[in-house]
Amino acid sequence: MFFIKKAIIYIFILIISGCTSNNIKNIDYKNQKTVSIDTPNDKYNIIFKEYLKRKFNSENKVKPDFILKADISFNSNETLSVSGSQVLNSTKAVIKYSLIDLKSNLLIKSGYIQTFPALSSSSNSIYSSERSLEHIKERLNQSSANKIHMLINIILRKLN
């Protein structure tokens with residue numbers, strides 16, 4: 001009986017030490033598709049490109065398989081508040097994109113994505129209005145990058 005308990009404990013320790021060993025193999029990213037990002041060179045497109053680079057982990061020095069051409073623009077409109085007493089500014093982001101296969105130079109998918117509007121109050125101060133609009137555009141940039149990243153990942157999974 002004592003021998004059986006020792007054997008079970010010994011096997012249990014062996015299993016745990018085998019599962020926690022440092023000889024874990026590195027994940028090989030041969031099947032991962034790399035995407036290069038191309039945007040125009042204005043302020044908000046560069047911010048959009050940086051958010052996309054973070055999402056796609058573009059720091060790899062691997063030759064890209066696809067190129068994503070994207071352009072973000074913003075539309076602002078004046079709207080009334082719920083009570084109707086105050087004028088609010090509604091800002092939407094529109095992203096035009098096209099995904100191109102670099103090996104065959106074929107257009108995989110193109111289109112545009114429109115975000116939900118972000119509201120900002122119209123202030124009497126020009127500075128606060130401009131700063132509010134800048135913050136809204138940066139938030140819309142980040143949410144747009146998340147949306148386009150999910151869409152491109154779905155498209156790339158369908159290609160496999």
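Two residues are in contact here when heavy atoms lie within 4.5 Å of each other. Helices (H or I, at least four residues) and strands (E, at least two) are DSSP runs, numbered from the N terminus.

The model is predicted, with local features requiring pLDDT of at least 70 and side-chain atom pairs counted only at pLDDT 80 or more, while totals for chains, interfaces and linings use all residues. Residues are numbered from 1 along each chain as its sequence is written, and side-chain values use heavy atoms, with hydrogens and water left out.

**Overall layout**

The chain has three helices and five strands. Their order along the sequence is α-β-α-β-β-β-β-α. Of the 160 residues in the chain, 27% are buried. Buried stands for under 20% relative accessible area, exposed for over 50%, and partly exposed for values in between (1.4 Å probe, protein chains only). Among contacts between residues at least 6 apart in sequence, 63% join residues at least 24 apart.

**Helices α2 and α3**

The axes of α2 and α3 come within 9 Å and cross at roughly 40 degrees. α2 is therefore oblique to α3. Axes are lines fitted to C-alpha atoms, for helices over the stretch in contact, and angles run from 0 to 180 degrees between N-to-C directions. Angles under 35 degrees count as roughly parallel, over 145 as roughly antiparallel, 65 to 115 as roughly perpendicular, and the rest as oblique. The crossing of α2 past α3 is right-handed, the term for a near helix turned clockwise from the far one by less than a right angle.

On the α2 side, the residues that meet α3 are Lys43, Tyr44, Ile47, Phe48, Tyr51, Leu52, Lys55 and Phe56. Their partners in α3 include Glu134, Lys137, Asn141, Ala145, Ile148, His149 and Ile152.

Asn141 belongs to helix α3 and is buried, because its relative accessibility is 0%. Leaving out residues up to four places away in sequence, Asn141 touches Tyr44, Ile47, Phe48, Tyr51, Ile72 and Phe74.

**The nonpolar core**

A nonpolar core is a set of buried Ala, Val, Leu, Ile, Met, Phe, Trp, Tyr and Cys residues joined through side-chain atoms within 4.5 Å. The largest one in this model has 24 residues, and those with the most contacts inside it are Phe48, Leu52, Leu68, Ile148 and Ile152. Two or more residues of this core come from each of β1 (35-38), α2 (43-56), β2, β3 (87-101) and α3. α3 gives the largest share, seven residues. In soluble globular proteins, nonpolar side chains tend to be buried together.

Ile148 is in contact with Phe48, Leu52, Leu68, Ile95, Tyr97 and Ile113, apart from its neighbours within four places in sequence.

Asp71 lies in strand β2, which spans residues 66-80. Ser129 is in helix α3, residues 126-159, and His135 is found in helix α3 as well. The table gives the relative accessibility of these residues.

| Residue | Relative accessibility | Class |
|---|---|---|
| Asp71 | 31% | partly exposed |
| Ser129 | 25% | partly exposed |
| His135 | 39% | partly exposed |

Beyond its neighbours within four places in sequence, Asp71 is in contact with Pro40, Asn45, Val94, Ile95 and Lys96. The side chains of Asp71 and Asn45 are joined by a polar contact of 3.2 Å. A polar contact is a pair of N or O atoms within 3.5 Å; within protein, one must be able to donate a hydrogen and the other to accept it, and residues adjacent in sequence count only if both atoms are side-chain atoms.

Some C-alpha distances place these residues in the fold. Asp71 and Ile46 are 25 residues apart along the chain, with 9.7 Å between their C-alpha atoms. For Ser129 and Asn89, 40 residues apart in sequence, the C-alpha separation is 9.6 Å. His135 and Ser120 are 15 residues apart, and their C-alpha atoms are separated by 9.9 Å.

**Two loop residues**

Thr34 sits in the loop between α1 (2-19) and β1. Thr34 counts as buried because its relative accessible area is 15%. Setting aside residues up to four places away in sequence, Thr34 touches Val62, Lys63, Pro64, Asp65 and Phe66.

Asn105 lies in the loop between β3 and β4 (107-114). With 60% relative accessibility, Asn105 counts as exposed. Its phi is near 60 degrees, a positive value in a residue other than glycine. Most residues other than glycine have a negative phi.
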